[in-house]
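Colleague: I'm new to this one, and I'd like to know what the labels rest on. Can you walk me through it?

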Amino acid sequence: MRFYFFVSCLGAAAAVLASAVWWVWPVILRLWRIPQVLVDGKDKDALRIGILGASFIARAAVVHAADKRRDVLVSAVAARDWTKAETFAKQHGIPAFHGGATAYLDLLAREDVDAVYVGLPTHLHLEWTLAALRAGKHVLLEKPAVLNMEEAKQLIGAMAETKLQVFEAAHHRYHPAARRFKQLTLKERDVGLSDFEARFSMLDPKALLSIFKELLGISKPVTQEDRFHERIKNLDRWYYCVDMLLWSTGAIDAEVIFAKEDRFSISATLKLQRSASTATATLYMARDNLWEPFSWSIAEHGLADKVRHA
Ligand SMILES: NC(=O)C1=CN([C@@H]2O[C@H](COP(=O)(O)OP(=O)(O)OC[C@H]3O[C@@H](n4cnc5c(N)ncnc54)[C@H](OP(=O)(O)O)[C@@H]3O)[C@@H](O)[C@H]2O)C=CC1
Ligand SMILES: O=C1OC[C@@H](O)[C@H](O)[C@H]1O
């Protein structure tokens, strides 16, 4: 009896492990593979992108994409640390790099850069996007583009003045499921779509580590700066809920009627004004969710098609 129990447990553990490897392995391979952006083999008039910040997201969002296209190349990268810039450039075959205190400005001054990728922490987006526009560069700007309405106005003003493009990297808008959802809700614009829900869930390895440290009693005291960065990170993630909702429902106005924040989540209820009808929307963001390390979803409870991506 014991033997059969042991074999069944082993079988179940093997099945769980196999399924985890099956789902997670392609993601690990994709992120681990070091993409190359060799200039050879690119179109003569390829768009030349300069990267500000030798970061994980720059590699995942720009270098991987440029690797797959003939019409885009990465011509330079800048990092605040000289060695980091050099390592990133060499790893990916990027022909030029800048390091040190003036690195970002040096990259913006280059003639072989048509557009700049600003994947810096969100509170630095406006400053460096304005600097890029002043230097005559188009900008691919990480989401959320800005922190508030005042910054949004400044950005729009600078775009109009320089006649250059700033494109927000709202990648979820290009997912086929999100596009289909938008198509369906806009088609049903005024016919009783009244109960929307947008969710985002995340498990941040850094946050997980700090929870363990807290439990073990070996964490450092939380500083004002830590709290500021936590607020910025929350905004980065909360943005997915808000943008998915407003973008896909075509809402023209929204009013917050309830909001709640605790250690593990942020939630809110909004009253949405659509072109000729009103709707209620629930937004929910899980901060550190072990069961859903990364997922977003948008739904309307009366609509049969529920769109989900995980
Ligand atoms: N599209 C997506 O899926 C994702 C988008 N993002 C977005 O990308 C942006 C960056 O987020 P994230 O990658 O977490 O940010 P990081 O804290 O990792 O910063 C990114 C880079 O910014 C540079 N940097 C310049 N000044 C500072 C500063 N004062 N403090 C810290 N870094 C600085 C650093 O590059 P260096 O030292 O090399 O100069 C750093 O590597 C955010 O807007 C976020 O919303 C983030 C993750 C995923
Ligand atoms: O866009 C994002 O997705 C992944 C998260 O780690 C990150 O904080 C967020 O900006």
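Modeller: Let's start with ligand 1: by class, the shell around it has nine nonpolar, five polar and six charged residues. Keep in mind that this is a predicted model.

Colleague: Which residues come nearest to ligand 1?

Modeller: Of the 20 residues around ligand 1, the nearest are Gly 53, Ser 55, Ala 79, Glu 142 and Asp 236. Helix α2 (residues 56-67) gives the largest share of the shell around ligand 1, three residues.

Colleague: And what makes up the shell around ligand 2?

Modeller: Around ligand 2 you'll find Met 202, Asp 204, Lys 233, Asp 236 and Arg 237. Asp, Lys and Arg count as charged and Met as nonpolar, so the shell divides into one nonpolar, no polar and four charged residues. Here helix α9 (residues 224-249) supplies the largest share, three residues.

Colleague: Why is α5 called roughly parallel to α6?

Modeller: Helix α5 (residues 125-134) and helix α6 (residues 149-162) pack at an angle of about 10°, and their axes are 10 Å apart. Angles under 35 degrees count as roughly parallel, and that makes α5 roughly parallel to α6. On the α5 side, Leu 126, Thr 129, Leu 130 and Leu 133 make the contact, while α6 brings Glu 151, Gln 154, Leu 155, Ala 158 and Thr 162. By class, that contact of α5 with α6 has five nonpolar, three polar and one charged residues.

Colleague: What domains does the assignment give for the protein chain?

Modeller: It gives domain 1 (47-169) and domain 2 (174-309). Their C-alpha centres lie 27 Å apart. The contact takes five residues from domain 1 and four residues from domain 2. On the side of domain 1 that touches domain 2 there are two nonpolar, two polar and one charged residues.

Colleague: What does the UniProt annotation say about residues 47-167?

Modeller: The UniProt record, an unreviewed entry, annotates residues 47-167 as "domain: Gfo/Idh/MocA-like oxidoreductase N-terminal". Over residues 47-167 the chain is 44% helix and 24% strand, and the end C-alpha atoms are 15 Å apart.

Colleague: What makes the backbone at Lys 143 and Lys 163 worth a look?

Modeller: Most residues other than glycine have a negative phi, and most peptide bonds are trans. The bond from Lys 143 to Pro 144 is cis, with omega near -15°. Pro 144 is found in the loop between β5 (138-142) and α6. As for Lys 163, phi is near 60°, a positive value in a residue other than glycine. Lys 163 has its place in the loop between α6 and β6 (166-169).

Methods: Residues numbered from 1 in each chain as written. Chains lettered and ligands numbered in written order. Predicted model: local features only at pLDDT ≥ 70, side-chain atom pairs only at ≥ 80, totals over all residues. Axes fitted to C-alpha atoms, helices over the stretch in contact; angles between N-to-C directions. Helix = DSSP H or I, 4+ residues; strand = E, 2+ residues; numbered from the N terminus. Parallel < 35°, antiparallel > 145°, perpendicular 65-115°, else oblique. Contact = placed C-beta atoms within 7 Å. Near = placed C-beta within 6 Å. Domains from an automatic or database assignment. UniProt positions renumbered as here; feature names shortened; annotations may be inferred.
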